[in-house]
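User: I would like to go through this model one label at a time, asking on what grounds each label is given. Please set each value against its definition before you conclude.

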Amino acid sequence: MTVLRMLVPVLLGLALWQAVILLWEVPPFILPGPVRVAGTLWDARMLIAQNARVTIVEVMAGIVLGAALGWVSAVLLALSPAARIALRPMLVFSQALPVFALAPILTLWLGYGLASKIAMALLVIYFPITSAFHDALMRTPPESLALARMMGASRWREMWHIRIPAALPGFLTGLKLAAVYAPIGAIIGEWVGASKGLGYLMLLANGRAKTDLMFAALLVLALFTLALHRVVDRGADAILRRREA
Amino acid sequence: MTAPPGLFVRGVARVGGTRIFGPLDLRAGAGRWTCLLGPSGAGKSTLLRCLAGTAAGVTLEGDAGAADGRALAGRVALMAQSDLLMPWLSVLENVLLGQRLRGQAADRAGARGILARVGLEGFAARKPAALSGGQRQRVALARTLMEDRPVVLLDEPFSALDVATRARMQDLAAGALRGRTVLHVTHDPAEAARLGCRILILSQAGLHEVAAPAGPPPRPPDGPEVLAATGRLTRLLLGGA
């Protein structure tokens, strides 16, 4: 039933797409039909797979590093009022910079390889994770904190045993957002300068009027992002369910 | 456990410019169970927090502490209406929370013994979400006992429980906390009549003492003296004592 419910709109969309191509006789270099895209997807599967692997590595590395950095930053900000005063404005300022504008600079500094794309993905997700986790850390129920103080907890132990576990849902919310944003960062990085990856492939295909290849790459990227989002979403919910049951 | 000290709270408490309670002079006897009864908003919980040292934003124009002159910090435990169990910790780990927070070695055998004492053998590995309200308060009591503090502050810990569960918890707590200095805030006259060695009423008019029924707590809920005291206390609260 659920499969059917998902399949119906997909099939409807594909049918509409193919109908537009047939009715208006759109040339394939403007808009290739789904049948043609599917054919290209199969024919170019090795090429697409090779480039997809690069993008997936960039995205995963960006998420892991961004999550780790965001975790540490949020805890430091929550522990130290001085850090909050010094670092919070910088954090907000970093968010005011359009990441698109930073991509060329990162490519200049870190080169055309993986590093600049991982840095882009990291940059895109760092703020949502830090912000969501930090907010949760600052919202520990005051009664729990009073209990910890009466029990003679040090600030660090109170952080480790009460505030961080209580804020886990906030961290996971940030991680769910990261799963959606990280691929955007990696693709921007690849557009600005790369020799591998799905973003690079799309740009290359577009430049050579191979619109069907571009669509095929886009499709793979979208499917990967959806799958990543779902895995992180389910994983986060399972973690929260299991730890309280 | 060190010898339990008496407690005192003197003065006026304010939040901003608003008076919360006082002026008053409250004393709770060493090693005795004192019930503090009163309507909502009379400042009972604030008074407990002044003693616990967790009254953020409250200015106490006066003094609160232990009658022996030494600091209360490290000698006092609090049990509140909300059980404050950490949902991600098992029952056993919740009982051991204090030791964990102080970086001490966990006395698991001791914690199991206390869990058995509050009737929760076999529940050690469960998470709080799998327990009933009464069972959760038992865990909170076990956690309080594990702290083994000479002074225990109770802030309406049984008020969310159904009548039978509440009566059982009262019996359990009265036995387990005997010999400690207990200051018990409640708005239930029957509870005060069952448990208090002394019964104080705090209201806008101030603090005054009502004679507690004879006999050692926990007194039977249907004893004539307890029923009479319950009625008397209810009448006083009705009159805005």
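Analyst: By class, the second largest pocket has a lining of 12 nonpolar residues, with no polar and no charged ones. This is a predicted model, in which local features need pLDDT of at least 70 and side-chain atom pairs pLDDT 80 or more, while totals for chains, interfaces and linings use all residues. Residues are numbered from 1 along each chain as written, chains are lettered from A and ligands numbered from 1 in written order, and side-chain values use heavy atoms, without hydrogens or water.

User: How do you know which class the lining residues of the second largest pocket belong to?

Analyst: The lining consists of A:Val10, A:Leu14, A:Trp17, A:Pro34, A:Val37, A:Ala38, A:Leu41, A:Phe215, A:Leu218, A:Leu219, A:Leu223 and A:Leu226. Ala, Val, Leu, Ile, Met, Phe, Trp, Tyr, Cys and Pro count as nonpolar, Asp, Glu, Lys and Arg as charged, and the others, Gly among them, as polar, and by that rule the lining comes out as 12 nonpolar residues. Helix 1 (2–24), helix 2 (34–43) and helix 11 (211–243) of chain A each give two or more residues to this lining, helices being DSSP runs of H or I of at least four residues and strands runs of E of at least two, numbered from the N terminus. The largest share, five residues, comes from helix 11 of chain A, and the space in this pocket is about 310 Å³.

User: What makes one space a pocket and another a cavity?

Analyst: On a 1 Å grid over the protein atoms alone, a cavity is a set of points where a 1.4 Å probe fits but cannot get out, whereas a pocket is an open set with protein on both sides within 12 Å along at least five of seven lines, and lining residues have an atom within 4 Å of a point. Points are joined across faces, edges and corners, and the volume is the space filled by probe spheres set on them. One cavity of 30 Å³ or more is counted, and the largest cavity holds about 70 Å³. The residues that line this cavity come from both chains, among them A:Leu147, A:Met150, B:Val76 and B:Arg143. Two or more of its lining residues are given by each of helix 7 (142–150) of chain A, strand 5 (76–80) of chain B and helix 5 (133–147) of chain B. The cavity lining divides into six nonpolar, one polar and three charged residues.

The largest pocket has a volume of about 490 Å³. Of its 20 lining residues, A:Pro142, A:Glu143, A:Ala146, B:Arg49 and B:Thr54 lie nearest the centre, and the largest share, five residues, comes from helix 7 of chain A. In this lining there are 11 nonpolar, five polar and four charged residues.

User: Why is helix 3 of chain A called oblique to helix 4 of chain A?

Analyst: Helix 3 (residues 45–79) and helix 4 (residues 81–96) of chain A pack at about 130 degrees, with axes 6 Å apart. Axes are lines fitted to C-alpha atoms, for helices over the stretch in contact, and angles run from 0 to 180 degrees between N-to-C directions. Under 35 degrees is roughly parallel, over 145 roughly antiparallel, 65 to 115 roughly perpendicular and the rest oblique, so helix 3 of chain A is oblique to helix 4 of chain A.
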